[in-house]
Number of protein chains: 2
Amino acid sequence: MITQSEIATENIRDQIIRGEVPPGAHLQENPLSEQLGMSRTPVRTALNTLAQEGLLEYVAKRGYRVKEFTIAEIVDAYNVRATLEGMACRLVAEKGMDRWSRSKLEKCIEDGEAIIQKTGAEITDDNFDGQAWRQMNTTFHQTIIEASENSFLQQQIKQIIFIPVAALFVLADWGSRVNAGNIKRAQVDHINIVDALERRQSARAEARMREHLENTGRVIQDYYENTQETHIEDDQSVA
Amino acid sequence: MITQSEIATENIRDQIIRGEVPPGAHLQENPLSEQLGMSRTPVRTALNTLAQEGLLEYVAKRGYRVKEFTIAEIVDAYNVRATLEGMACRLVAEKGMDRWSRSKLEKCIEDGEAIIQKTGAEITDDNFDGQAWRQMNTTFHQTIIEASENSFLQQQIKQIIFIPVAALFVLADWGSRVNAGNIKRAQVDHINIVDALERRQSARAEARMREHLENTGRVIQDYYENTQETHIEDDQSVA
DNA sequence: AATGTGGAATATGTATTCAATGTTTAATCT
DNA sequence: AGATTAAACATTGAATACATATTCCACATT
């Protein structure tokens, strides 16, 4: 069964991740309960939940405000993710992969290859299938995390997915924000990671995955800094 | 200001960590609100919070029960902690330590040495100052985590501290459960970690810390399995 | 005897009300 | 005019009341 509290939680979380409510905004219970057509009670529960997830900051008697993430914090989070998924790779290499995980990863490699082949030398919005790439990428990482068979690891990594700006790169269509170089490098990374896992080279698998995600973090950082500049320009044009 | 919800959260969390409410127990709102002398509302908030922390399991319309942790899950959590604190060491070694962190760590080494000196060759309940050792140990790890200056890392590691059985080893007097070998090995580990940090050998610092905590995890596992056997014996004697 | 249904009792989910604390505004005093 | 204070207003925290789902037991039926 689905409760009002759960509806409120998902709805408000979505609004935050999509950037519909800006960082730093004060979320008040009455407006939210009106907006969602429910009483304050389930809204309060939702706000408490989201604060625990780290999306909101809470001060007693003053309520909740949307947490502002600095570039540094987002990069920090990505580095933590890099370390944790690196650990997942180490565990998988040590334990050895079962047949199903292995075939799923190999399919990811094939799919990635196909997407790049179809794209050609130059990546544009038209010829690059960002949707398919993201799906392949999610499956790739998820498969390794699950194959690690460490439930804590899975839980910890999940939390990082909810960080607003980082999550945008998963949700939004960032096909136009990547270039051929990044995509091809990511594909090579994936190939090397799977190779290391199959050879059960745990240290190599760990190092490769860590580097792979640290690269992604750098891409996000670059993009973020560029858009920051753009925003400043926008502000100036208004002034 | 301190709210009723916060009081309830801390109180119930304590009861769980101390083992006063057994794993698997169904926590009901009415008895808890009576016990704590407040209405159901703040109790509900507290239960929601603790479920988010991973201490309780929630099923809609059925309420909350205390999560049961298997030995495997506890060891899993400790291994995650080992990896994360290893990362903290790596970051500290890369950035370099400020003077204050450095002196705090060196004081920890001195304190540890003093405790061991005072204890002598054989560790017993009487001559081993478990309280002082735990405090030194907590300071040691906390200092490194804070010096990493990665807020996400700090947040993630905090969650692991709340796991019931693992937390017992921090809270309860486990002086009687350790032997001279473990304590001396831990002290040597600490010395090597600080040495690596001061020489800014990031890979060595990371590896040493990881191994240090994996050892602790193994100690917990051994202890847990021993007490499990004891419990089985108890059960048999009852039958 | 076992299973299934129905209803009472119990527990959770939500709404509403009341209380306490912050915030804002306006008026008064310097 | 500016600052300070008090009062009105708004918002959060907690308690109570109500609605709805689940559990459990009794009873009936196969």
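1. Start with DNA strand C. It has 21 residues around it, and A:Q4, A:S5, A:S39, A:T41 and B:Y58 come nearest. A residue counts as near a strand if one of its heavy atoms lies within 4 Å of it. The model is predicted: local features need pLDDT of at least 70, side-chain atom pairs count only at pLDDT 80 or more, and totals for chains, interfaces and linings use all residues. Residues are numbered from 1 along each chain as its sequence is written, chains are lettered from A and ligands numbered from 1 in the order in which they are written, and side-chain values use heavy atoms, with hydrogens and water left out.

2. What part of DNA strand C comes within 4 Å of the protein? Of those atoms, 67% belong to sugar or phosphate, and the rest belong to bases. By class, the surface near DNA strand C has five nonpolar, nine polar and seven charged residues. Here Ala, Val, Leu, Ile, Met, Phe, Trp, Tyr, Cys and Pro count as nonpolar, Asp, Glu, Lys and Arg as charged, and the others, Gly among them, as polar.

3. Some individual contacts on DNA strand C can be checked by eye. A polar contact is a pair of N or O atoms within 3.5 Å; within protein, one must be able to donate a hydrogen and the other to accept it, and residues adjacent in sequence count only if both atoms are side-chain atoms. A:K61 places a polar side-chain atom 3.2 Å from a base nitrogen of DNA strand C.

4. Which elements give two or more residues to the surface near DNA strand C? They are α1 (4-17) and α3 of chain A, with β1 (26-27), α2 (29-36) and α3 of chain B. The largest share, three residues, comes from α3(A). Helices (H or I, at least four residues) and strands (E, at least two) are DSSP runs, numbered from the N terminus.

5. Now DNA strand D. It is surrounded by 20 residues, and the closest are A:R44, A:Y58, B:Q4, B:S39 and B:T41. Sugar and phosphate make up 73% of the atoms of DNA strand D that come within 4 Å of the protein. The residues of this surface divide into four nonpolar, eight polar and eight charged.

6. For A:Q28, a polar side-chain atom lies 3.2 Å away from one. For B:S5, the distance is 2.9 Å. For B:R62, a side-chain N or O atom is 2.9 Å from a phosphate oxygen. At least two residues of the surface near DNA strand D come from each of β1 and α3 of chain A, and α1 (4-17) and α3 (40-53) of chain B. Of these, α3(B) gives the largest share, three residues.

7. Next, the two protein chains. Their contact (heavy atoms within 4.5 Å) takes 34 residues from chain A and 34 residues from chain B. About 2,700 Å² is buried between them, and carbon and sulfur atoms give 53% of that area. Buried area is the accessible area (1.4 Å probe) that two parts lose on being put together, summed over both. A:Q52, A:F152 and A:Q156 supply 21% of the area that chain A buries against chain B, more than any other three residues.

8. How many salt bridges link chain A and chain B? The count is four. A salt bridge is a side-chain nitrogen of Lys or Arg within 4 Å of a carboxyl oxygen of Asp or Glu. One of them joins A:E206 and B:R210, at 2.7 Å, N to O. On the side of chain A that touches chain B, α3 (40-53), α4 (71-95), α7 (151-161) and α10 (202-238) each supply at least two residues. The most come from α4(A), with nine residues.

9. Last, the sheets. In chain A, three strands form an open antiparallel sheet in the order β1-β3-β2. Its edge strands are β1 (26-27) and β2 (56-59), each pairing on one side only. Two strands pair if DSSP finds at least two bridges between them. Four bridges join β2(A) to β3 (residues 63-66), and A:E57 stands opposite A:R65. In chain B, an open sheet of three strands has the order β1-β3-β2, with antiparallel pairing. There, B:Y58 has B:Y64 in β3(B) as its bridge partner.
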